[in-house]
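Please look through the model shown here alongside my comments.

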Amino acid sequence: MTLQELVNQAASLYSDRKAVWFDECSGKPPTFYTYATVVKLAVELTAFLQKFCDQRGKCEIGLYCYPGINLPSWILGILQVPAAYSPIDPDAPPMLSTYFMKKSNLQYVLVENDKLNKFRMSHVGYFNHNSSTIEHIGLTLFQMSSSNTDLNLQVKNVTSKYEPSKAMASSQPGYTIRPDQTEVKTSEGAYMAVGQKCSLAYVLHTSGTTGIPKIVRVPHKCIVPNIQHLKSIFEITRDDLLFLASPLTFDPSVVELFIALTSGASILIVPNTIKMIPVELSAALFHHHHVTVLQATPTLLRRFGAHIIKSTVLSANTSLRVLALGGEAFPILNLLKSWKHKENKTTIFNLYGITEVSSWATCYKIPEEVFTDDFRTDFPIHLGSPLLGTKVEVRDANGSAVLEGEGQIFIGGVERICFLDDEVTVPMGTMRETGDFVRVQNAKFFFLGRKDNQIKRHGKRFNIEWLQQAAEGLCQVEACAVTWYQQEKLILFVVPKDDLKEKEVVKELQKRLPAYAVPDELVLVKALPLTSHGKVDISELNKIYQNRLNSRRRDSKLSGAEELWERLQYLWKSALGLLGDSAGISKDAVFLHSGGDSLQAVRFYDEIEMLVGKAVPGLLEVILSHSIEEAIDLDLGEVKWEKNLGDRIESSACISKCGNFIVVGCYDGLVYVLQSSDGEIHWTFVTEDTVKSSAVVDPSSGLVYIGSHDQHVYSLDIYKKECMWKLHCEGGAVFSSPCLSSLPHHLYVATLGGLLLAVNPMTGSKIWKSFLRKPLFSSPHCNEKYVCIGCVDGNLYCYTHSGEKVWQFSTNGPVFSSPCISSLTKQEIFFGSHDCFIYCCNMEGNLLWKFKASSSVYGTPFVFQSDDLKNKILLAAISTDGKVWILNAKSGTAEGVDKLPGEVFSSPVVWGTKLVVGCRNDYVYCLDLYIQEKKNS
């Protein structure tokens, strides 16, 4: 039997029942398809593919889409060709997707129509666009171009990123790797061949976190026993509603989809963004709908938080009948008991498996009696029994079977076989190495941890998951994860409950663990970062620790306002590097006045929120929150006029369309419009908070757009002296300058709440938005194709004008610098980072060059060209230590350098051969750029 045959059997019995629900969770009613509709659409797609795809030999078709109402029909339509479907994540790095498509030798890719532009831009030139599109099904077919040297080069680049790993074939006797043949005899006699028609169901790739990503081709014979056995174990009926929790690139999604669709049950699908918001997700699953079966990683479950798990997921009256946890180590029993209401009837299962033998290998039903009050809390949860057709063995380092004791687990079966990478035949009964270690006791397997997680510390070897399990058992810990940072420090990351006391956590761990397993540091986080597969993202945790090395939390509990003030003073001095200074901090001190910068302000903000144990809305704006506005003759350096405004100024002034006015924001909450001739006030506009945003002028209408810390962006007509519209930016002050695009006519606005907004400049209505979760100090900049912005998470993000994320470029420090996109260099983007580098990348997000400055680069680089400088295209950038760098914009080589006598956080401007920049010693400098015989200056 194949997956599609099982679905068609169910559809013939339950044609009028609802097969799939899709809920956007936006206030609109959810949509649904019956089994009859799903099959009808699938048949139409099948006919289309059979007409346009060459089906000689094995046929594999990529599917580039987000989960939606049509997903089951799309997958079923591909399977009925017959062909295997290969999910491609639109949010994955294009280089990784390209590697997967090339390595899989995909000849065809179906692209969701809404994602056509994103696909074309990410894989330009790699695929020919087929002439046919199925509009009402929402897909377009692409075929691989016949010649692709660029694609081959990109695949080579991906391969070089990963450490070389030995092919599985080299360690398993009987394999034959012959890509030019489909059937080759093996030493074992009986074998399975990848080229057999109708044999493959789907093609995935592993994540590549421990080596080169492996391609995994999964036959129907391998996955169908999983579906049939788990349907029986979970007692699935036509009345069940399952949730598609896993991404399509993670093989448990196959189990979720086909357990539902082969039983007459329903599958619920929600947008990926909703999965990231626990409150909205729980409401969708258990209030708007009544999900009965949930399969998830333990980390994904923890993401709900203890309160939602207790009150909703595992409450007394929950709709959830089955909770199946897999993909990671099972939570310790004590934690699970604290989540589960005494009257809760949900049956909980522990699943175990690996992608290389898709999908699950073992299953264990947790006995109901273990949740009673008098049951021992240290009861170990084992992996359970092998599923239908699956064989499980434990072997020692010499390959010998382990009947009692510790060893590595191997998985296989007569027909439970997948093809890895270039394998074309695999012996029946092949056993795959998992990299997971277990303890065998009384024929039961108890999970010990990954081979990759074994470390040697203080002369003792142990698995770091031991520490994680111990920490999970503490009542003050909501969730936790462990990293072996740079193979030097053992760091425990904890999502705390309200009453967590750091000293007590460490003391409890010292009671339960030997000294070599106690962590070096405990770091509190609001949530554990996840990979796309719902597992803990270790690389992101290491970044968090790296960013917090110099801002550690104190241990003691706050007893009152006086101690709170003492602790705030300590954190203030710590953030500014003034711990040796015995002087107190004045209560009217301003953080930026005291030598702080925006990066230190972000750290200070994080530390205060950790200190008080909860989020403080608007705190960052308070920390960041008189002045003289001076107009200077550029040639002579003489002050032409000066105007005292109501408070300090942190924004740049801009010139009106007519040139007669200057617009500048002020800390007093006013936007000042001054006459450029004498500085006299023409008009003031009142906002409700500090204005640090620099204004931007529409060259066609003359309207001025500016943001405020009151969380609004304003459209001002300075000639009529009136506000045309104002827009609330959904939380978070507008610190940076808005960006205006002429075609399409969009206004881009960024907030300290991490939101990037596209706005209609004429009406003030929102066009699209993207939530980046971290503060955006950088101003968005755009060209005719893209809009780019830097983020304090260390990334430069690139979007299309329709709001699709095209790529992100990672640095090793927060990016406060705004991207420089110049008409002189149309294909390059320049920006600085707090990792001390000035970067140049192309419009595909690939690094062209980077230049190491002597300190962090906060301001925006400036591209210029002058006849007096031999018409070279040059780049001016300034590091915070006052160094002025003149670089060749094409090569990134230094053409000249100078040093100002103070710190610099402003951006340089070049006019002709004169560079102007403000310095923290209260001076504005004008530098003359010129060519010497042997040396550039």
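**Notes on the model**

1. In the hairpin formed by β37 and β38, where four residues lie between the strands, K721 adopts a positive phi near 60 degrees. Strand β37 (residues 712-717) and strand β38 (residues 722-728) are paired in the antiparallel sense over six bridges, and within this pairing Y714 stands opposite K726 of β38. Two strands are said to pair if DSSP finds at least two bridges between them, while strands (E, at least two residues) and helices (H or I, at least four) are DSSP runs numbered from the N terminus.

2. Please keep in mind that this is a predicted model, in which local features need pLDDT of at least 70 and side-chain atom pairs count only at pLDDT 80 or more, whereas totals for chains, interfaces and linings use all residues. Residues are numbered from 1 along each chain as its sequence is written, and side-chain values use heavy atoms, with hydrogens and water left out.

3. Four strands make up an open sheet in the order β39-β40-β41-β42, with antiparallel pairing. Because β39 (739-741) and β42 (766-771) stand at the edges, each with a single partner strand, one side of each is left without a neighbour in the sheet. Strand β41 (residues 755-759) is joined to β42 by five bridges, and A758 has W768 in β42 as its bridge partner.

4. Which residues touch the most other members of the largest nonpolar core? In this core of 72 residues they are L49, L110 and F258, and helix α2 (residues 35-52) supplies the largest share, eight residues. A nonpolar core here is a set of buried Ala, Val, Leu, Ile, Met, Phe, Trp, Tyr and Cys residues joined through side-chain atoms within 4.5 Å, where buried means under 20% relative accessible area with a 1.4 Å probe, protein chains only.

5. In helix α12 (residues 306-313), the buried residues are A306, I308, I309, T312 and V313. These buried residues pack against α10 (278-288), α11 (298-302), α13 (333-339) and β26 (477-485).

6. I886 lies in strand β52 (residues 883-888) and is buried, with a relative accessible area of 6%. Leaving aside neighbours within four places in sequence, I886 is in contact (heavy atoms within 4.5 Å) with several residues, among them F864, L874, L915 and L929. G896 is ten residues away from I886 along the chain, and their C-alpha atoms are separated by 5.0 Å.

Technical notes
Buried < 20%, exposed > 50% of the residue type's maximum accessible area, 1.4 Å probe, protein only.
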